[in-house]
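Please look over the structure below before reading on.

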Amino acid sequence: MSTPMSLEKKPNKLESKKSFYKTIENYYTPIVNDKIPNGLLLNLYSYLAKSQHKIYKALRKKHPKSKARYSSFKTKDLHYPFTQYGITNFLKEKDAVNYTTYCKILFKMNDEELTKYLKEKHTYETK
């Protein structure tokens, strides 16, 4: 007798937003080390989990042969420029005074690297 389909684990099923959130939180917690206000971080994690989940869902539809790749969140996706631009915009909107400090922490950058990054971001957004 076979198991009903609803009880079987579907191969390459997209993880939940909650799972994305947990992966993002686990990734950033040791990096942040209490240097960014907790409330801001929780909102950032929610924003990232929601936006990345939406992107993964779209990529699964666009690239059906890559469902395995887009089934669970990969922290390397946090390093892509488009994702970092979203993080920067989010932080700037929430705390325009301290966002550059927070970006340096999250992106593990020094002042020169952040200046170069912000210049590249500006060039990308204004082309």
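Two residues are in contact when they have heavy atoms within 4.5 Å. Of the contacts in the protein with a separation of 6 or more, 63% are between residues 24 or more positions apart. This is a predicted model, in which local features need pLDDT of at least 70 and side-chain atom pairs count only at pLDDT 80 or more, while totals for chains, interfaces and linings use all residues. Residues are numbered from 1 along each chain as its sequence is written, and side-chain values use heavy atoms, with hydrogens and water left out.

The protein has five helices and zero strands, where helices (H or I, at least four residues) and strands (E, at least two) are DSSP runs numbered from the N terminus. Its C-alpha atoms fill a box of roughly 65 × 35 × 20 Å, taken along the principal axes. Buried residues (under 20% relative accessible area, with a 1.4 Å probe and protein chains only) make up 35% of the 127 residues.

The charged side chains, with Lys and Arg counted as positive and Asp and Glu as negative, and His and the chain ends not counted, are listed here.

| Charge | Side chains in the protein |
|---|---|
| Positive | 26 side chains |
| Negative | 12 side chains |

The centres of these two sets lie 11 Å apart.

Lys17 is partly exposed, with a relative accessible area of 44%.

Key. Buried means under 20% relative accessible area, exposed over 50%, partly exposed in between (1.4 Å probe, protein chains only). The place of a charge is taken as NZ of Lys, CZ of Arg, CG of Asp or CD of Glu.
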